[in-house]
Amino acid sequence: MDVNGLLQTALEGPLRHMEPLEQDLFKIRIQQHWADILRPFQGLYGHRDDFEDWLSHLVILVAKAYAKRPSYLRFHDIASTEKPDWFQQSSMLGYVCYTDRFAGNLNGVHDKIPYLKELGVGYLHLMPLLQPREGQNDGGYAVKSYREVNPKLGNMEDLADLAETLHQNGIHLCIDLVCNHTAKDHEWAQNALAGDKAYQAYFHMFPDRTMPDQYEETVREIFPDFAPGNFTHYPEIDKWVWTTFNEFQWDLNYTNPAVFAEMLDTMLFLANQGATILRLDAVAFMWKRLGTNCENQPEAHLILQAFRAFSKVVAPGLLLKAEAIVSPPDLVPYLGVGEAANKSCQIAYHNVLMVMLWSSLAERKVVLMTHALQQIPDISSNASWLTYIRCHDDIGWAITEEDAAAVGLNGFAHRSFLSDFYSGRFPDTFARGSTFQFNPKTNDRRINGSLASLAGLEKGMLSEDWGGVEFAIGRILLMHSLIFSFGGVPVLYMGDEIGLLNDESYLDDPDLANDSRWLHRPEMDWKLAESRHDWKSVTGRIYQGISHLAKIRQSVTALHAQSATYPVWTHNDAVFGVIRQSARGRLLILGNFSEHPQFVSRGRLEALGFGGLLNDHLTGEPVELFGDLGLRPYQSMWLERA
Ligand code: GLC
């Protein structure tokens, strides 16, 4: 395929009114990224007779989006190519919230910028805000129009305005792009339901149960409770439609290049509104293959790589964040491996770290965590984990049989223990959570609950057990210390910084009541937040503790996401250890996961290269080792040799 011919068409077409310098920039980018565009795109559609037509269609589509890119974003693009690690620096901290629950609507977010800046936030993820379907919409993940904002929150102009204001305040905007499925109310689905064959080819549709039954043999059920099965029958067209999630969410069919083109166009449109990070939802499910679980297929990765390469031409500063909550071995490829290293998404959720933090707290042991995290291979140098403790979703116990067996646990029994522990059934548990999506076929049980409630704050407060409250605060700060130091972009989940508890008010809303994930999606409690500077209040202790970690982190450049992360054995089963190492420095992070004082022997510290005089960044004090190193209950340390 002749790239110069395609370029000529773009220059004479969408780019013809642009300055010569802008045209040259487009040319350079296309030429630079051409090989990265061709490889995945050929892998996906190279077998088709109309392959070249699609390729030229996409180059024109990209040129059109390039011509429309606002100037402040062009400036950001250039600035970010000069500083490609901007999101990997130790000063980067994320915050995620629902626009309405945080600030009423998009315009309200402007007023909350000082609050975000006080925390040191550099990246704000506003949960799904595009036009969802009416009624039940899976928290906005059933999108009716990708080109309109949910009218309850504002309009597209408000979004673009907010993005620009955030940008001026040094905060990058992240929004969701639900690319695996649309709402059945989306125009494409509606056309398909009206019988339009071209639009029926946007989805996976079957005339009878033959294929669905075959697929069902190997695919998972994501919502076995309220949306069992993966296919739904629609009498108006007498077809079975692939619906991995809820009945009203239709999986898109990416074997059709028209779907790829639509989604790329949407992506560039949203990037041009000022989103600098796009959270790509449910990417693991984007390609189906009979006889497999239809997750993490090689083509799903090719789609992401092609998205990345095409989008680089228009918006080189745009980051793609993969939402793939999958088991450890399947996770790393979302950040690009092998020939795709540095050529896929730049950010992915570290759900293994998240799960292990909870697992270790329940067990008061870090053996499984240390082993499982040691198995995770290195990631691309220009990519970063997103480290988190809680998000809007449930916690699913992504623990493999192999990892469990390697440390003498039975995977099934351990996952059951964790579900019992966090749903509050286990004797003496500190947690108050609830079971989500019990699947009697697999006995899988996921967990809902807010960070504070799962960490023991709810139980402690309600029973006026102040020792219990103390431990809960310790757990909350320990987990934050680890997501801040493990390596990656740490993201705070709204309300966790002030210890918001479970919120049962969702039960009163018929559109939410059947989905208990709303238990941990409360309204921001601004009244409570007023006490955040009061050191004597529980809120203040949590808030000040997290703020302190965030401030220290900014100055510890060795925590840059490019520094290698090595989980190490501390020879104390209750103390997690991880070494962060690069030319920027060498740190030993320690965390005590029990409510008892613990020690790491001086000999072990020396063997890890941390003998002699140490500094703890968290206290700012030197640590002199006369004997073993002691850690208070739930204490963490960020140690460096003095
Ligand atoms: C993602 C979202 C989740 C949603 C699902 C389907 O996993 O995080 O909330 O239910 O995708 O869109």
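**Aromatic pairs, nonpolar cores and a strand barrel**

The count comes to 41 aromatic pairs, where rings of Phe, Tyr and Trp (its six-membered ring) pair if their centres lie within 6.5 Å. Planes under 30 degrees apart count as stacked, over 60 as edge-to-face and the rest as tilted. The model is predicted: local features need pLDDT of at least 70, side-chain atom pairs count only at pLDDT 80 or more, and totals for chains, interfaces and linings use all residues. Residues are numbered from 1 along each chain as its sequence is written, and side-chain values use heavy atoms, with hydrogens and water left out.

The ring planes of Phe41 and Phe51 meet at 35°, so this pair is tilted; the centres are 5.7 Å apart. Distant parts of the chain are linked here. Phe41 belongs to helix H2 (residues 20-45) and Phe51 to helix H3 (residues 51-68), ten residues apart. Helices (H or I, at least four residues) and strands (E, at least two) are DSSP runs, numbered from the N terminus. Phe41 and Phe51 are buried, that is, under 20% relative accessible area, against over 50% for exposed and in between for partly exposed (1.4 Å probe, protein chains only).

Trp188 and Tyr202 form an edge-to-face pair, with 5.5 Å between centres and 65° between planes. Trp188 is in helix H9 (residues 187-193), while Tyr202 is in the loop between helix H10 (197-200) and strand S7 (205-206). Both residues, Trp188 and Tyr202, are buried. One aromatic cluster includes Phe41, Phe51, Tyr254, Phe260 and Phe307.

Nonpolar cores were also identified. Each is a set of buried Ala, Val, Leu, Ile, Met, Phe, Trp, Tyr and Cys residues joined through side-chain atoms within 4.5 Å. The largest has 208 residues. Those with the most contacts inside this core include Tyr254, Phe260, Phe307 and Trp358.

Eight strands close into a barrel, in the order S1-S2-S5-S11-S12-S13-S14-S17, with parallel pairing. Two strands pair if DSSP finds at least two bridges between them. Strand S5 (residues 172-177) and strand S11 (residues 277-280) pair in the parallel sense over four bridges. Asp176 stands opposite Arg279 in S11. Helix H21 (residues 466-485) packs on the sheet and touches strand S14 (384-387) and strand S17 (489-493); contact means heavy atoms within 4.5 Å.

Key: Axes fitted to C-alpha atoms, helices over the stretch in contact; angles between N-to-C directions.
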